[in-house]
Amino acid sequence: MGTTDAMPIQTMRESLHLLGWLNARYGRPDRAIGYFELMTVVDGLNATSWRTLATIQLSLEKNPEALASAAKALELGLPPEEAALCQLVLAIAARRLGDTASSDKAAAEYLKTRTESGQGGGEA
């Protein structure tokens, strides 16, 4: 395959996302995680790919991996709603690993982000 025949990165990203999402949706998170891991290799600067990977890793109780993926997503920058989800992933994974201080800090960031974006339940 010549360089002109290569699949555009957007098409590859969309294909991997769809395959990962379908596997996650239909009860195959173990397979889904592979597609999302590949997405982060194909497009390592895509924060949403890292966020999605973190949520699936958390669902499989791969807590150290979920912490790392969520942190990478936050480092790359996300919209407030997605950043809030990453903070929640960090809080849950850290709590599962027994790191209550980090968990409490991430939970506070989650609540702060939700409140600032108008999604929290704390407004009057």
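# A chat about an all-helix model

Colleague: Let's start with Arg95: is Arg95 buried or partly exposed?

Modeller: Arg95 is partly exposed, because its relative accessible area is 41%, and the cut-off for buried is under 20%. Bear in mind that this is a predicted model.

Colleague: OK, and which residue forms a salt bridge with Arg95?

Modeller: That's Asp104, whose closest N and O atoms to those of Arg95 are 2.4 Å apart. Asp104 is partly exposed too, since its relative accessibility is 44%.

Colleague: How many salt bridges does a search of the whole structure find?

Modeller: Five. Another one of them joins the side chains of Arg28 and Asp30, at 3.7 Å from N to O. Arg28 has 37% relative accessibility, so it counts as partly exposed. Asp30 lands in that class as well because its value is 48%.

Colleague: And which side chain meets Arg51 in a salt bridge?

Modeller: Glu82 does, with 3.2 Å between N and O. That pair ties together distant parts of the chain: Arg51 sits in helix H3 (residues 47-59) and Glu82 in helix H5, 31 residues apart.

Colleague: Is Arg51 buried or exposed, and what about Glu82?

Modeller: Both Arg51 and Glu82 are buried.

Colleague: Let's stay with H3. Why is H3 described as largely enclosed?

Modeller: Because 10 of its 13 residues are buried, H3 is largely enclosed by the rest of the structure. Among the buried ones are Trp50, Leu53, Ile56 and Leu58, and also Ser49, Thr52 and Gln57.

Colleague: What covers the buried residues of H3?

Modeller: The cover includes H1, helix H2 (29-42), H4 and H5.

Colleague: How far does H3 reach from its first C-alpha to its last?

Modeller: H3 reaches 19 Å, close to the 18 Å expected at 1.5 Å a residue.

Colleague: Back to H5. Where does Gln87 lie?

Modeller: Gln87 lies in H5, which runs over residues 80-96. Gln87 counts as buried because its relative accessibility is 13%. If you leave out neighbours within four places in sequence, Gln87 touches Leu74, Ala106, Glu109 and Tyr110.

Colleague: Switching to the surface: which residues make the nonpolar patch?

Modeller: Leu18, Trp21, Leu22 and Tyr26 make it, and the patch covers about 440 Å². Trp21 belongs to helix H1 (residues 9-25).

Colleague: What share of the residues is buried?

Modeller: Buried residues are 34% of the 124 in the protein. The accessible surface is about 7300 Å², and carbon and sulfur atoms account for 57% of that.

Colleague: And what share of the contacts is between residues 24 or more positions apart?

Modeller: That share is 45%, taken over contacts with a separation of 6 or more.

Definitions and conventions: Residues are numbered from 1 along each chain as its sequence is written. This is a predicted model: local features need pLDDT of at least 70, side-chain atom pairs count only at pLDDT 80 or more; totals for chains, interfaces and linings use all residues. Side-chain values use heavy atoms; hydrogens and water are left out. Helices (H or I, at least four residues) and strands (E, at least two) are DSSP runs, numbered from the N terminus. Buried means under 20% relative accessible area, exposed over 50%, partly exposed in between (1.4 Å probe, protein chains only). Contact means heavy atoms within 4.5 Å. A salt bridge is a side-chain nitrogen of Lys or Arg within 4 Å of a carboxyl oxygen of Asp or Glu. Patches are made of residues with over 30% relative accessible area and no salt bridge: like charges are joined within 9 Å, nonpolar side chains (Val, Leu, Ile, Met, Phe, Trp, Tyr) within 5 Å. Accessible areas come from the Shrake-Rupley method with a 1.4 Å probe; for residues, only the protein chains shown count as cover. The expected span of a helix is 1.5 Å times one less than its number of residues.
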